[in-house]
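This report covers a strand with its pairing partners, and then a metal site. The sequence and the model are shown here.

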Amino acid sequence: MSRFLVLVAFLTLLSCQNRGKTPGLIDNTIKSSVNSNETQNRYQKYDSLFEKNSQFISTSFDYPVGKPNAKGYYNAQEFRENDHLGDDWNGLNGGNTDLGDPIYAISNGYISSAKDIKGGWGKVVRIIHQYKGNYYESLYAHCQSILIKEGEFVKKGALIATIGNADGIYLAHLHLEIRDNIFMDIGAGYSKNTNGYLDPTKFINKN
Ligand SMILES: [Zn+2]
């Protein structure tokens with residue numbers, strides 16, 4: 001994603017910090033207890049979804065391109081490089097040679113979102129994974145086309161989308177994020193604050 005978005009992320013971060021200082025202590029206490037109840041309820045939704053569809057609980061993770069091990073692709077911008085919150089997967093032949101290439105689900109899971117959110121993100125697929133009793137989210141951005149629907153379950157390695165360029169903003173590549181907080185907004189793609197985000201390559205290699 002562009003350096004412009006880095007700036008936006010930075011400004012958003014600043015405005016959040018400023019906002020955090022204004023409310024009184026009591027307000028914050030009430031708010032945080034409401035939030036934790038809401039979070040619990042939202043976990044219950046996924047607990048029951050995966051209980052009823054236990055064949056879609058994750059057992060391992062693969063790469064989203066050149067499956068299973070990213071053969072023919074390289075990571076052009078690693079996690080935390082330039083405050084990047086994901087990995088950027090590109091075809092070895094560079095440019096737009098990977099435009100339209102298949103993107104695969106990195107593991108079994110539930111499609112929580114699959115839509116065009118435009119701007120610097122383009123078409124984005126988000127998958128919730130239940131793995132060893134914990135929840136993770138994988139997010140696939142800038143897609144050319146989306147081949148699955150929100151609310152479906154997928155198996156690891158399923159074709160879910162194709163590599164795009166977010167309507168011509170970038171050279172074609174896949175921006176992949178893995179999160180261990182599954183309730184975050186789309187985010188900015190770049191931030192110094194990596195809370196809720198994991199290093200995708202490290203996570204996939206380990207699991
Ligand atoms: Zn990226």
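The model is predicted. In it, strands E4 and E5 form a hairpin with 6 residues between them. Lysine 118, in the turn, has a positive phi of about 60°. The two strands run antiparallel and are joined by 6 bridges.

| Partner of E4 | Residues of partner | Sense | Bridges |
|---|---|---|---|
| E5 | 123–131 | antiparallel | 6 |

How many of the 8 residues of E4 are buried? The number is 6, so this strand (residues 109–116) is largely enclosed by the rest of the structure.

The metal site holds a zinc ion, whose protein donors are His84 (NE2), Asp88 (OD) and His175 (ND1). These donors lie 2.1 to 2.2 Å from the zinc ion. Along the sequence the donor residues follow the spacing H-x3-D-x86-H. Aspartate 88 in strand E2 (residues 87–91) and histidine 175 in strand E10 (residues 174–179) are 87 residues apart, and the pair links distant parts of the chain.

Residues count as buried under 20% relative accessible area. Aspartate 88 has a relative accessible area of 5%, so it is buried. Histidine 175 has 0% relative accessibility and therefore also counts as buried.

Definitions and conventions: Residues numbered from 1 in each chain as written. Predicted model: local features only at pLDDT ≥ 70, side-chain atom pairs only at ≥ 80, totals over all residues. Heavy atoms only, no water. Buried < 20%, exposed > 50% of the residue type's maximum accessible area, 1.4 Å probe, protein only. Helix = DSSP H or I, 4+ residues; strand = E, 2+ residues; numbered from the N terminus. Pairing = 2+ DSSP bridges. Donors = N, O, S within 2.8 Å, 3.2 Å for Na, K, Ca; no water.
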